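This tutorial dialogue shows how a structural model may be read feature by feature.

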Amino acid sequence: MGFLVRRWLRAGARRSGNRRQMTKPSIESPATTKREDESIPSADLRGDSPCTVSVVIPAYNASRYIAQALDSVKAQTFSDYEVIVVNDGSNDRDELERVLHSHSLSIIYLSQENRGVSAARNAAIKIGRGEFYAQLDSDDQWTPDYLEIQLGILNDNPNVALVYPNATIIGAA
């Protein structure tokens, strides 16, 4: 599954009476990452031009499903995005990197010791350049119009900060 959120929501909000007042963070240049595998692009090679959406995919032992998740991103009707995959200490690192390297999407790849899904997402969000960030688990898939519909809702409703979709369960749980 996942959700789409305005990037400035991450910087926090302060209360103003009964209403929340959102504050936008200052824009900083993205951090660079250490590359252990020269064949997979990393954040230090991507340039600094902004995009609309940073798609964040944490991966832990995900080599079996991640190609399908990436295929669903590539099939989007909206295409101004970057894809950041964070290997969170996977035991299947070699296979995961093989899948990422062979995929036709341009992927920003980070690798870290296992610190959990939240830490993996946060690592990607820190370097993301998108105005919005979208969360996609490595074993999930989006319908082709996912980003287009969710961005439309956020753009049409500037007071909405987060959009969370419905889900369709396919196969045995």
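The dialogue below moves from the overall plan to the sheet, the helices, the cores and the loop.

Q: What kind of model is this, and how are the residues numbered?
A: The model is predicted: local features need pLDDT of at least 70, side-chain atom pairs count only at pLDDT 80 or more, and totals for chains, interfaces and linings use all residues. Residues are numbered from 1 along each chain as its sequence is written, and side-chain values use heavy atoms, with hydrogens and water left out.

Q: How many helices and strands does the protein have?
A: Helices (H or I, at least four residues) and strands (E, at least two) are DSSP runs, numbered from the N terminus. Here there are four helices and eight strands. Read from the N terminus, their order is β-β-β-β-α-β-α-β-α-β-α-β.

Q: In what order do the strands of the sheet lie?
A: Two strands pair if DSSP finds at least two bridges between them. In this protein, six strands form an open sheet with mixed pairing, in the order 6-5-4-7-1-8. Strand 6 and strand 8 (162–163) are the edges, each pairing on one side only. Seven bridges join strand 4 to strand 5 in the parallel sense, and Ser54 has Glu82 in strand 5 as its bridge partner.

Q: Which strands does helix 1 touch?
A: Contact means heavy atoms within 4.5 Å. Axes are lines fitted to C-alpha atoms, for helices over the stretch in contact, and angles run from 0 to 180 degrees between N-to-C directions. Helix 1 packs on the sheet against strand 4, strand 5 and strand 6, and its direction makes about 165 degrees with that of strand 5. Helix 4 lies across strand 1 (4–6), strand 4, strand 5, strand 7 and strand 8, at about 35 degrees to strand 1.

Q: At what angle do helix 1 and helix 2 pack?
A: Their angle is about 25 degrees, and their axes are 10 Å apart. Helix 1 and helix 2 are therefore roughly parallel (under 35 degrees). Ile66, Ala67 and Leu70 of helix 1 meet Leu96, Val99 and Leu100 of helix 2.

Q: Which residues have the most contacts inside the largest nonpolar core?
A: In soluble globular proteins, nonpolar side chains tend to be buried together. A nonpolar core is a set of buried Ala, Val, Leu, Ile, Met, Phe, Trp, Tyr and Cys residues joined through side-chain atoms within 4.5 Å. Buried means under 20% relative accessible area, exposed over 50%, and partly exposed in between (1.4 Å probe, protein chains only). The largest core here has 28 residues, and Val53, Val55, Ile66, Leu70, Val83 and Val85 have the most contacts inside it. Among the elements that give two or more residues to this core are strand 4 (51–59), helix 1 (66–74) and strand 5 (81–88). Apart from that core lies another, of 13 residues, including Phe3 and Leu110. Across the protein, 44% of the 173 residues are buried.

Q: Are Ser138 and Gln141 buried or exposed?
A: Ser138 lies in the loop between strand 7 and helix 4, and Gln141 lies in that loop as well. Ser138 counts as buried because its relative accessibility is 10%, whereas Gln141, at 52%, counts as exposed.

Q: What does Gln141 touch?
A: Not counting residues up to four places away in sequence, Gln141 touches Gln68, Ala69, Ser72 and Leu136. The C-alpha atoms of Gln141 and Ala69 are separated by 4.8 Å, although the two are 72 residues apart along the chain.

Notes
Parallel < 35°, antiparallel > 145°, perpendicular 65-115°, else oblique.
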